Amino acid sequence: MSATTVLLNGEDLTPEDVLAVARGRARVAVSAEAMHKVARCRAVVDKLLEARAVVYGLTTGFGSLRDILIPPEHVRQLQQNLIRSHSCGVGPPAPEDVVRAMLVARANTLVKGFSGVRPVLIETLVGMLNAGVFPVVPMKGSLGASGDLAPLSHLALVLMGEGEAFRPDGQRVSGGEAMRGAGIPPVVLEAKEGLALNNGTQFMTAIGVLALLDAEQLARASARACALSLEAIKGVPRSLDPRLHAVRPHPGQSAVARIIREQIDGSEILALPVNTARVHTARTFLGEAETVLAREKSERCLTAAEGIHQLRADLADLLGSLPERIFPFGKKKIPNPKSEQKTDGSSFRIWDFGFGIWGFEPDEEEVRRAAGARVLSRYVLAAQGIYEQVLSGALPASAVAARGHLEQALQQLQGAVPSFVPVQDDYSFRCAPQVIGPALDTFAHVRSVLTCELNSATDNPLIFPPDGPKDCDAYARSLTVAACKRAVVSGGNFHGEPVAIALDQASIALAEVGNISERRTFHLVSRHTSNGLPPFLVRDVGLRSGLMLAQYTAAALVSENKTLSHPASVDSIPTCEDAEDHVSMGAYAARKFAEVVENVRRVLAVELICAAQGVELRQPARPSPANRALLAQLRCVCPPLTDDRPLGPDIERVSALLH
């Protein structure tokens, strides 16, 4: 088949195949071998009908009505009534991609050849997909056992030429009109076919598969957002050391640490021992002091203002040439291969990430720190001299504020190089691999569950055709009633519990990805935790609120996720006169998971906006090449924040980048 056609055989449909059909509009075809199995299974049903055998769902009522026998002349009406009566979903219609995913998943289940349907039923489902006929499927009303009865019944209604559907142009019309417009004859359901269409988990599975694929992408995006945030706060990347993760070898944890390491590879921000954001802030306070003092007429004030003016110019020159001034003292040539001999003859490994700093010997980092302190010391002394000059005598009342500004500037300069090499960050940075990683591991498990479900027979009863001749006509002639009765097995493969539990796990895991992202955002916008960045990541805070409310939005979304992450699968409620006395609530688990996905997408968008702003406030120190590329992508849809503006549109545009 072509790369744009998904071939169904009931055995190997993948989440990526579903995505190609649901969002990529790939065409669908069915293998001839699978259709042969379908025809053989249908021959068993026909034999049982011919013998007027008592078989659940073929010649009996459904659910608690299972003991009511249906006369042969009403068997067809029984199946049609089943679909009509069960089409009682409510709420907004499912998105088109979900309906397309439902159609391909249901068709794949039927082509396994255990459902007893005629080949024309599958051909019609595939024809609807390829022609762009999408049934209107209400989002609410499924208990997840006996499968997704209401949603799948709405799907089947259109196949019968009833219900409602969307045409390829998006217009909502009757099911009959949609089928006529596509040139697809409606199907008159025969025995077993109504049950085969609406007993199953394809609604919850369709939503779950699409949400899972998005969640996997978001988890990887969160690792990259963390890397950008790590540069924005000028963090400590030692916690990414591969040795640390090798001794707790959860696959996801190691994968996330590797993503972050690769994303910050070559970071000048992390390598420079000077905190450029603090230097910028010092210049701002010096400018305010200069403005105050320059208004005065006393020689002392004017002299101090001139000194401040020169110091601000000198600091601007420093910022423009920091790497050249620092690294002649502290840069160490990176050997290749990446190992070096110690003085005692032993070797140690280092990781060459350009200006990267973890993996260096501690004394090497101290050399860098000391080099930064040495370069900055004359500027600190100059600021201290001006401060003492201003303190040395009385100032006019109108100039007293200059002392406070100078004190703030001096504090920022003194803190621009730490007194010792920083040892570790707070948990939201240091433990990111240990939080995002388990989400990836959880998603791997959920993927295996959903892949299994995509290729499972999930209606009831199931029919296991006896062995016999390969030719379909000869096979039908060889069947005995006794063998066909033994072939029918009633069970509970429609129960959505495996999918429900898995999707509840996925919601919890992704909610945690959002939780830790919001905490990093909080660090970025808070003056006490941002390592020198201005409050709310904007100059002239007070006059401007900056990114204050962006963090509020992230906080609201993660709080909502805490409620959405309460497991749906622990709930149950009896139905059908207690015949169906335990249900999975899998459809709700799927819908909640999809909501968590959308919330986390926006939470990560907020973090990326804040991290991008923070990184740019550390100029001229440059982020890593990978983060520069990420920053360029962000700036295509979200310009830097220089003045207050409505941020909702920015969040939505960045969120769209993550879709």
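## A partly exposed ring and its partner

The model we are looking at is a predicted one.

Which residue does phenylalanine 464 form an aromatic pair with? The count of aromatic pairs comes to 1, and it is formed by phenylalanine 114 and phenylalanine 464. The pair is tilted, with 5.3 Å from centre to centre and 45° between the planes. Phenylalanine 114 sits in the loop between α4 (96-110) and α5 (119-131), and phenylalanine 464 in the loop between β10 (462-463) and α20 (472-478), so the pair ties together parts that lie 350 residues apart in sequence. Phenylalanine 114 is partly exposed as well, at a relative accessible area of 24%.

## The overall picture

Stepping back, the protein has 26 helices and 11 strands. Its C-alpha trace spans about 115 × 65 × 45 Å along the principal axes. The radius of gyration is 33 Å, whereas a compact globule of 659 residues would have a value near 26 Å. Of those 659 residues, 55% count as buried.

Helix α17 covers residues 401-414. Its 14 residues should span 20 Å at 1.5 Å a residue, and this agrees with the 20 Å between its end C-alpha atoms. Buried in α17 are Ala402, His405, Leu406, Ala409, Leu410, Gln412 and Leu413. Why do they lie on the same side of α17? They cover an arc of only 160° around the axis, which puts them on the same side of the helix.

Valine 400 belongs to the loop between α16 (362-391) and α17. With a relative accessible area of 39%, valine 400 is partly exposed. Its C-alpha atom is 8.9 Å from that of leucine 293, a residue 107 positions away along the chain.

## A three-stranded sheet

Now to the strands: an open sheet of 3 strands runs in the order β4-β6-β7, with antiparallel pairing. At its edges are β4 (134-135) and β7 (172-174), each of which pairs on one side only. Strand β6 (residues 164-166) pairs with β7 in the antiparallel sense over 3 bridges. Glutamate 164 has serine 174 in β7 as its bridge partner.

## Charges over rings

Two charged ends deserve a look. That of arginine 519 sits over the ring of phenylalanine 522, at 4.5 Å from the ring centre. That of lysine 592 sits over the ring of tyrosine 588, at 5.7 Å from the centre.

## Backbone details in the loops

Where are the cis peptide bonds? One runs from asparagine 460 to proline 461, with omega near -5°, and proline 461 is found in the loop between α19 (432-454) and β10. Another runs from glutamine 619 to proline 620, with omega near 10°; proline 620 is in the loop between α24 (586-616) and α25 (625-637).

Positive phi values also turn up in residues other than glycine. Phenylalanine 536 has phi near 60° and lies in the loop between α22 (497-525) and α23 (548-564). Methionine 585 has a positive phi of about 60° and is placed in the loop between α23 and α24. Is each of these buried or partly exposed? Phenylalanine 536 is partly exposed, with a relative accessible area of 21%, whereas methionine 585 is buried at 13%.

Notes:
Residues numbered from 1 in each chain as written. Predicted model: local features only at pLDDT ≥ 70, side-chain atom pairs only at ≥ 80, totals over all residues. Heavy atoms only, no water. Helix = DSSP H or I, 4+ residues; strand = E, 2+ residues; numbered from the N terminus. Expected span 1.5 Å × (residues − 1). Buried < 20%, exposed > 50% of the residue type's maximum accessible area, 1.4 Å probe, protein only. Arc of directions from axis to C-beta. Phe/Tyr/Trp six-rings, centres within 6.5 Å; stacked < 30°, edge-to-face > 60°. Lys NZ or Arg CZ within 6 Å of the ring centre and 35° of its normal. Pairing = 2+ DSSP bridges. Rg over C-alpha atoms; globule rule 2.2 N^0.38 Å.
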